[in-house]
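Colleague: Could you take me through one part of this model closely? I would like to look at the nonpolar core and what surrounds it.

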Amino acid sequence: HIDDLVKSIALANAGVEFRLGNNGKIVRLYKPLEGSSEAIRRVADVLGEEFVSSSLRVDHSGAGMRLSGWVGLPTASRSQADQQYFHVNGRLVRDRVVSHAVRQAYADVLFHGRHPAFVLFLELDPKGVDVNVHPAKSEVRFRESRLIHDFLYRSLHEALAEARAGLTTIAESPSTSTTQ
């Protein structure tokens with residue numbers, strides 16, 4: 001659980017170094033990266049090159065919100081939901097509205113029992129989200145949950161539809177990419 005938490009925090013804070021140790025040995029080391037253009041390198045460090053090579057870059061703004069990050073192609077779906085990271089204003093959260101919107105966006109392209117992989121960041125006015133729902137602050141309540149759901153669904157559905165149509169490029173590998 002601690003490893004998963006460190007991974008999540010590292011994804012949201014690419015400019016910070018993270019070290020996780022166990023019995024005097026460093027288990028995880030994430031070096032700080034300069035600027036947001038290197039965020040894909042942190043994603044590769046945390047989730048691996050395989051995720052990066054089979055994911056799409058998402059960056060969509062509207063209705064006072066911005067959704068950015070990476071979503072896995074349907075062909076790279078997983079048997080468990082272990083690579084799903086959703087951050088709201090930099091905080092990792094679990095939310096039914098978000099989960100439903102993601103499932104709905106992938107509904108036409110995923111086999112039953114498969115789960116998409118994603119690293120997504122939603123930025124919105126802090127007044128639009130209540131973070132005091134759960135003692136661990138891992139759950140949130142959106143003031144306009146229908147608007148959030150529709151924004152997430154449309155953004156992800158469009159990205160996946162463009163990929164099927166061949167209009168989008170797969171996220172570039174950090175070793176070959178200079179900007180993202």
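Modeller: The model is predicted. β1 and β2 form a hairpin, and two residues lie between them. In that turn, N23 has a positive phi of about 55°. The strands themselves, β1 (residues 18-22) and β2 (residues 25-30), pair in the antiparallel sense over five bridges. Look across the pair: N22 stands opposite K25 in β2.

Now the core. The largest nonpolar core has 28 residues. Those with the most contacts inside it are L67, V71, F86, L122, F142, L152 and L156. Where do its residues come from? At least two are supplied by each of β3, β4 (65-72), β5 (84-88), α4 (96-106), β7 (118-123) and α5 (145-165). The largest share comes from α5, with six residues. In soluble globular proteins, nonpolar side chains tend to be buried together.

Zoom in on F142. Leaving aside residues up to four places away in sequence, F142 touches V88, D95, V98, L122, L124, G128, V129 and I148. There is also a second, separate core, of 19 residues. V6, L11, Y30 and V119 are among them.

Last, find S54. S54 sits in the loop between α3 (49-53) and β3 (55-62). Is S54 buried or exposed? S54 counts as buried because its relative accessible area is 16%, under the 20% cut-off. S54 and A117 are 63 residues apart in sequence. In space they are 9.8 Å apart, C-alpha to C-alpha.

Conventions
Residues numbered from 1 in each chain as written. Predicted model: local features only at pLDDT ≥ 70, side-chain atom pairs only at ≥ 80, totals over all residues. Heavy atoms only, no water. Helix = DSSP H or I, 4+ residues; strand = E, 2+ residues; numbered from the N terminus. Buried < 20%, exposed > 50% of the residue type's maximum accessible area, 1.4 Å probe, protein only. Pairing = 2+ DSSP bridges. Core = buried A, V, L, I, M, F, W, Y, C linked by side-chain atoms within 4.5 Å. Contact = heavy atoms within 4.5 Å.
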